[in-house]
Amino acid sequence: MLLRFTALIAFLALILAALTVRAEPGACGIPLAAEEGWKVAQDRQRAGFDSRSLCAAERAFLESPRNLHSFLVERHGELVVDSYRAGPDRSSYWLWSRRKEFDKDALHDVRSITKSIVVLLWGIAEHEGRVPSLSTPVLNLLPTLSDLRSGGRDRITVADMLCMRSGLAWDESGGYSRWMNDEHGLLWRGDRARYIFDRPINSAPGSQFNYNGGLTAVLGLLLEERAGVDLDEYARKRLFDPLGIVDWEWTGDLRGRTRAFTGLRLRPRDLARIGRLVLDGGRWQGRQVVPEAWVRTLLSPCVSGEAYGHHWWAGKVRVGDKEVAWHGALGNGGQRLFIVPSLDLAVVTTAGEYGEGSIGRVNLHLLQQVVAATREYVGAPSQISEAVRPASTAPTPIETRATLRSVTEEDGGSRTYVYLKIMPKAKVPFTTLRFRVRDRALLNGLSEGATVKFRAERIDGENTLTAIRGVPPCVRFQPCD
């Protein structure tokens with residue numbers, strides 16, 4: 001009788017343990033199986049990881065003070081980590097965040113990851129003969145803009161748009177809450193192509209990188225025109241259905257048109273599918289969905305050594321004495337799809353830190369922890385190395401004198417900005433510039449109107465003040481250095 005009772009207790013304990021794992025799949029446990037057929041790694045060691053190190057990365061996600069929502073690791077076609085958290089979130093049209101519970105079935109805004117998915121569609125359309133070659137001048141494809149074929153615009157090619165090297169004046173700096181951000185016009189302008197191309201040329205087409213969501217909008221317009229269906233319908237037929245992605249949304253603009261530059265809402269597990277597709281050269285479960293040659297193209301730098309390819313980014317994390325290369329689709333707020341070809345590895349994160357550039361370092365740190373937990377690198381000391389930046393956007397620190405015009409607090413004091421009047425030379429008008437201050441202590445002891453010497457860099461897409469100190473005022477007609 002005692003033996004039966006002991007066996008019953010042991011059996012109930014096993015059931016309870018199983019239920020516990022199912023209730024808390026993110027707590028260093030095995031990911032839950034799901035109807036979509038993902039293979040789940042039952043043993044992290046066999047999947048090529050040190051279990052303890054990978055669990056530490058998962059705990060770092062779960063215990064982070066940042067507003068992270070999901071963290072997934074996929075390797076060799078198997079889900080290894082599948083963790084979720086609740087947190088504040090908002091869509092691109094909401095003014096306020098609201099708390100939401102995230103799990104494997106919850107859709108999440110992926111913001112500019114949408115751009116990287118659009119170029120997958122472009123490669124499919126190119127293989128079908130629907131779109132022209134990369135060397136085609138774009139205005140040849142937009143006859144209604146024939147009046148704009150001047151100033152060098154007629155030399156902008158499809159490749160220039162894919163590489164974001166059009167030369168057109170366009171400004172998305174300073175965050176998307178800034179009213180003058182050029183992307184906002186894409187939401188309501190009737191003729192989006194004219195809105196984008198009716199701008200001066202700042203540099204020769206193909207010569208300089210400048211991030212421009214409007215170029216992706218034009219790619220989307222061309223895809224719709226050539227495919228004869230809306231962009232979301234083309235994506236469903238040619239990409240999402242073949243991948244088994246059935247639960248997704250693509251929110252439109254204020255006129256109801258599909259937004260190629262943003263708007264996709266996907267489950268993190270389905271982002272991991274995109275990662276596996278790219279890692280496998282455009283194949284999904286043996287079927288060629290995206291041409292393999294196109295996958296090689298979009299992961300290639302437009303210019304050797306640059307961080308931006310054809311709407312996909314690239315960078316490295318350092319583990320021990322080695323730098324491990326990654327490619328990625330990146331979206332505002334902490335949306336990341338990293339792939340590491342040398343390890344056959346994909347890492348997905350979603351978050352709700354929209355407009356907060358520093359979340360990128362958190363994403364990279366999680367990626368670095370995962371790489372360091374692989375069998376190939378476990379035990380090696382590691383650190384994050386900066387992504388290789390395009391030469392045209394490499395941070396060029398400046399140090400010069402200015403007067404401290406004002407300090408403002410935004411978002412309830414969570415963000416601090418300093419406005420400086422620059423004094424470059426005598427008889428040159430002052431220019432007021434705004435800089436983000438990440439460390440408020442930099443301003444200790446400084447008062448408005450003081451003459452200062454400062455240092456600034458462009459960090460995560462924002463002009464950021466990195467050092468500032470009070471100095472005696474410049475004497476007119478004498479150097480300020």
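Reader: In which sense do β7 and strand β8 pair, and over how many bridges?
Author: In this predicted model, β7 and strand β8 (residues 264-266) pair in the antiparallel sense over two bridges; strands here are DSSP runs of E with at least two residues, numbered from the N terminus, and two of them pair if DSSP finds at least two bridges between them. Within this pairing, Trp250 stands opposite Leu264 in β8.

Reader: What is the strand order of that open sheet?
Author: The order is β6-β8-β7, with antiparallel pairing, and the edge strands, each paired on one side only, are β6 (108-109) and β7 (249-250).

Reader: Changing topic, which residues have the most contacts inside the largest nonpolar core?
Author: They are Ile196, Phe197 and Leu239, in a core of 76 residues. Such a core is a set of buried Ala, Val, Leu, Ile, Met, Phe, Trp, Tyr and Cys residues joined through side-chain atoms within 4.5 Å, where buried means under 20% relative accessible area with a 1.4 Å probe, protein chains only. Helix α3 (residues 113-127; helices are DSSP runs of H or I with at least four residues) gives the most to this core, with nine residues.

Reader: And what does Ile196 touch?
Author: Leaving aside residues up to four places away in sequence, Ile196 touches residues including Leu168, Trp170 and Leu186, a contact meaning heavy atoms within 4.5 Å.

Reader: How are residues numbered, and what pLDDT is needed?
Author: Residues are numbered from 1 along each chain as its sequence is written, and side-chain values use heavy atoms, with hydrogens and water left out. Local features need pLDDT of at least 70 and side-chain atom pairs count only at pLDDT 80 or more, while totals for chains, interfaces and linings use all residues.

Technical notes: Buried means under 20% relative accessible area, exposed over 50%, partly exposed in between (1.4 Å probe, protein chains only).
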